[in-house]
Amino acid sequence: VILLRLGAALLVLLSLFGFGETLSRRLALSSTPFQSATIGLCLFLAGGGFLGVAGLYGTVAVSVLIGAGVLLGLFHVFRRLVEQPAIGRSEAITALPFLVAGILVLLTAQHGFWFVQGDDMQGYLPLIKKLVQTGVLGSSSFSEKDFFDLGGASVLQGVFVGWFGVSAVNLADLGIGGLLLLGLIGERAAVRRYGLVGAAILVWVALALNEDARPVSPVLLIEAPCLMLVLWMWEDMPLRPAHFIVWGVVAAALIALKSTAIVFLGVLSIGVFCANCLAHGPGKALKHAVMAAVVALCCVAPYLYASVKYAGTPLYPLLGTGFQAKELGDGMLGRGQATWNNLAHFVLANQQLEIVLLVAAGMALFALGRAKILAIGGIAIAAALVAVALEIPWATFAIGDSDHGVRYALPFYAALLLGSMVDWRIVTGGRLWGWLFAAALVVAIPYCARDPDFSHPSLARSDFVYGLTGSREKALAVFHPFPIFPLEEGGEAVARLQQAAKPGTGMLVVVDRPYQMDFARNRIETVDCPGRVSPPPGMPLYGSDAQMVSYLRASGIRYLAFSYGDNANYTPALMQMRMKQADHPWSAYCSKAMVAMQGFLRRARTRAPVVYDDGQTFLIDLSS
Amino acid sequence: MKRDHGEQKGVVVPALLFGVAVAAGYVVWRVAAHRIHLHNDVAVALGLAVFVCGAAVSAFAGGGARAGGFVLAVAALVVALMGLGWLAHLYWFRAVDSPGLTASWTIVGVGALSLAERLTRRVRS
């Protein structure tokens, strides 16, 4: 089974390479193999988005798509083998650490272990399963997870979930994303003849920085395309027209993966535009910018459309706050609470802020010594580092992330730092200053990880132990901050529950394993953070029970399911603790809302007919 | 074959030595942090020092005395700059910072020196 999963991941990678290489050759863009695969990933996300909007996404459809990509990939591999000489000994030696790291990353990703009971089990996993079984993108009107991720990652995650089940979901972000990231860095290291030691250091830095970059929300899938753009800015300025078409495709994929990418893309795009103005004049620069924007808009259109249709806004919160409860105001905290003191509090809560700002200052100083166009590229990268570090309050206030938004900045500053490290000779001019810069970056970069204290227990290590041994006991011995639930369990109980509901009807489920439901049989709605997203006029969570029942009926919900035996895996102690966390507005809001929701469900059971109850979970019928 | 002219030697011995350097640095850090209970920053610094010495030996085995000396010289400069950064941070912010922060102070220092050097060269030419 392990070999089958690893083989499937490699086939998907080959397929992405096939798509990207085809576009690169059409545009006469000399891309490296992993650059082509990264471009292919972005094209696949655009194509998958269109399939999802048309309701045609499914295991068969994506298998056909992947198959076509594999054929293209094989053709281009053969073509490259004929056209290019075999790699030399020094390149092979440099590639060795990347190869070993790639195998270890794939082994870690092949069977996911570490999934949290809230975000993953109630949010991301059901959405991926729903996309696979219904074929429709972003069709959940009560779940917030497509709200700011726009569902881009689920298009690739759905491939592996469709083939192997939810336990293979990490093959997308950690697996494919990790391989793309290592490949992009490895290619550059090989060209620059880093040697075994330099390559090993680069691999260590990349892995240390991303050690805890999970669970299901994408990180590495974002880092790889970002890294490609950063390398272009260091190496290929001023960019050619072909670059701008690909820039548009990549920008669309990044926004579909994580809407906070807009800040990163905006700053880099301004830098590219300015450099282009200097090189070719404002007229041509404007033409290229419009070309990139049109391509980006076309590719991201399906995601924006799905978000408008099911969440009420094309891009939260920049273009509207969508269908959320009125008491939430214009964001998780509301703009009224975005005072200078609050902003400063959340900016300074980022433990990595000083390091990122200092590295950015150092890069800007190096950039100022370069020729004009190259200087603009370097300063744009330094400015992007500052911007993504400072966007954390935006993530906190608008999205309300529980980790001060650091999770939303990590993929972007990781790409900026890693790209600058790989190209340290270009950044610095390559003399003694360069060696000092590179050595200091080796120390500084891993401290930009989410948890900068290297003595913490690592979820990456527990995932690795599980991927290698398949033993829950051994994985839990490495790291178990709170109970980790086996993904595969609970399928039969959920199936029995669902049999009690009439096919084709709407169900709102607050159960411990909602991703086990058959999303094709009924319209299943999961509620990961009640009231955050709900059909208009907004869920009256704090109104009367009668108001709630009539609202749910009007929204097409006939059945309510609740795992009352284990509170759907949310222990009362955990929720009480989270409700008091002023520094974690999202956790506090969601826990308070979940307590209110569970209270409503318990009361509703005494008033509506119970059609199923197994002592752990009940199903009630709201139709009578 | 002379050993001190930066010639490329085989890769197996330097690679093994580098692996040993990584392992030794890791072990020193873990022991210092978790057995001797030194502050984690100090333990990281000790581990890094052991790793740098090992990397220098590895470079010596692979590229001769010049390569080994170069790695040591770069490491010494980094340590010196990091020390200055550490002192500066302590003076301005009255707080002990992490190795990551001192390293990023180093980057600012190196960037400033590099810019000063380039500007001086431009003025002279």
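**Notebook: chains A and B**

I looked up the interface and found that 34 residues of chain A are in contact with 38 residues of chain B, where contact means heavy atoms within 4.5 Å. This is a predicted model, in which local features need pLDDT of at least 70, side-chain atom pairs count only at pLDDT 80 or more, and totals for chains, interfaces and linings use all residues. Residues are numbered from 1 along each chain as its sequence is written, chains are lettered from A and ligands numbered from 1 in the order in which they are written, and side-chain values use heavy atoms, without hydrogens and water.

I then read the area buried between chain A and chain B: about 3,000 Å², with 76% given by carbon and sulfur atoms. Buried area is the accessible area (1.4 Å probe) that two parts lose on being put together, summed over both. Leu358(A), Trp433(A) and Leu436(A) supply 20% of what chain A buries against chain B, more than any other three residues.

I counted zero salt bridges between the two chains (a side-chain nitrogen of Lys or Arg within 4 Å of a carboxyl oxygen of Asp or Glu). On the side of chain A that touches chain B, α4 (89-109), α9 (195-209), α15 (353-368) and α20 (432-444) give two or more residues each. Helices are DSSP runs (H or I, at least four residues), numbered from the N terminus. The largest share, ten residues, comes from α20(A).

Last, I checked Leu38(B), which sits in the loop between α1 and α2 of chain B. Leu38(B) has a relative accessible area of 34%, so I noted it as partly exposed (between buried, under 20%, and exposed, over 50%; 1.4 Å probe, protein chains only).
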